[in-house]
Amino acid sequence: MPKVSIGSHFFKRSRLEYRDWVSAVIREFIQNSQDAGASLVEFTLAEKDNDHSVLTCRDNGRGMDRETLERVFFALGETSKRSNGSVGGFGKARELTCFSMDGYSIRTRNLSIYGEGDEYSIDETCEYVDGCEFQIQIDASYNRIQSAIKSYFSYSNPLCSVLFNGERVQFCEAKKEHIRNLSFAKVFVDNKSDLVNNCFVRVNGLMMYHRYISAKTAVYIELDPERSRELLTANRDGISGDDINTELDRFFNELAVDVRSALMKKNRNKTTLFTGENGFKT
């Protein structure tokens, strides 16, 4: 039976689902590497012309075997991320990081993959590669990608080391104070940050998205990693679920009405009052 054919323009249009697709590419690469257990991720960027670049992301994570590539990576909507704490799991990242590009290659274990749009080939090689190496032909300027990398990691604290063109990347150095808990996240503030009027929603230290707030401070909402796939939208640019959004909006409304009260450290020790025979509460 014939199958639906997916053209390359379909994947390029999927970029419109993201607030900033270039920054999302960086986020998806580091997120996938961290989920794969990588302790080191290396980004390398080279300029092709004013509007095109070659971006390479290499990690020392678990890598992929041929079955994972054919049954998961190249099967839209499928995922191998079933374990708790994995941020991804929607099968959307590869549409953005690979299929929407002018071309891409992947090296993992003893496999070499070349692709463009919905077409790809897999070959076995003699050279073994620990982890994964993605190289993409990206239609964005060197300066735009460089800026996206520096900006993204200035808001994040990955669990792994990150290099960019051979130099260690500077992470967010927020001195955060835990002020309260939401049902799905912990809330921190950094009163000494220069990033005032910003709320950063993160998982395992990786920023998913940020939004403007009225508070003259930086607020960090660290989602419960074990619930991240339930909480985040498929593109990870927002929160999913009416109840969760209602709770989050309530918190942001508190910020708008009374910043000091909303950011006041909450007493987590609850005291139960009992009424004795004499009528006094103890």
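In helix α7, the residues Ile 244, Glu 247, Leu 248, Phe 251, Phe 252 and Leu 255 are buried, where buried means under 20% relative accessible area and exposed means over 50%, with partly exposed in between (1.4 Å probe, protein chains only). Because they cover an arc of only 135° around the axis, they lie on the same side of α7, the arc being that of the directions from the helix axis to the C-beta atoms. An α-helix has 3.6 residues a turn, so residues three or four places apart point the same way. On the other side of α7, Asp 242, Asp 243, Ala 256 and Val 257 are exposed. Helices (H or I, at least four residues) and strands (E, at least two) are DSSP runs, numbered from the N terminus.

This is a predicted model, in which local features need pLDDT of at least 70 and side-chain atom pairs count only at pLDDT 80 or more, while totals for chains, interfaces and linings use all residues. Residues are numbered from 1 along each chain as its sequence is written, and side-chain values use heavy atoms, with hydrogens and water left out.

One of the buried residues of α7, Phe 252, has Arg 211 lying over its face, at 3.9 Å from the ring centre; a charge sits over a ring if NZ of Lys or CZ of Arg is within 6 Å of the ring centre and within 35 degrees of the ring normal. Elsewhere, the charged end of Lys 176 sits over the ring of Phe 188, 4.6 Å from its centre.

The next element to follow is strand β9. Six of the six residues of β9 (residues 198-203) are buried, so this strand is largely enclosed by the rest of the structure. In a regular strand the side chains alternate between the two faces of the sheet. In β9, Asn 198, Phe 200 and Arg 202 point one way, and Cys 199, Val 201 and Val 203 point the other way. Strand β9 is joined by six bridges to β10 (residues 206-212), and these two run antiparallel, whereas five bridges join β9 to β11 (residues 218-223), and these run parallel; two strands pair if DSSP finds at least two bridges between them. Val 201 stands opposite Tyr 209 in β10, and the bridge partner of Arg 202 in β11 is Glu 222. In the hairpin of β9 and β10, which has two residues between the strands, Asn 204 takes a positive phi near 50°.
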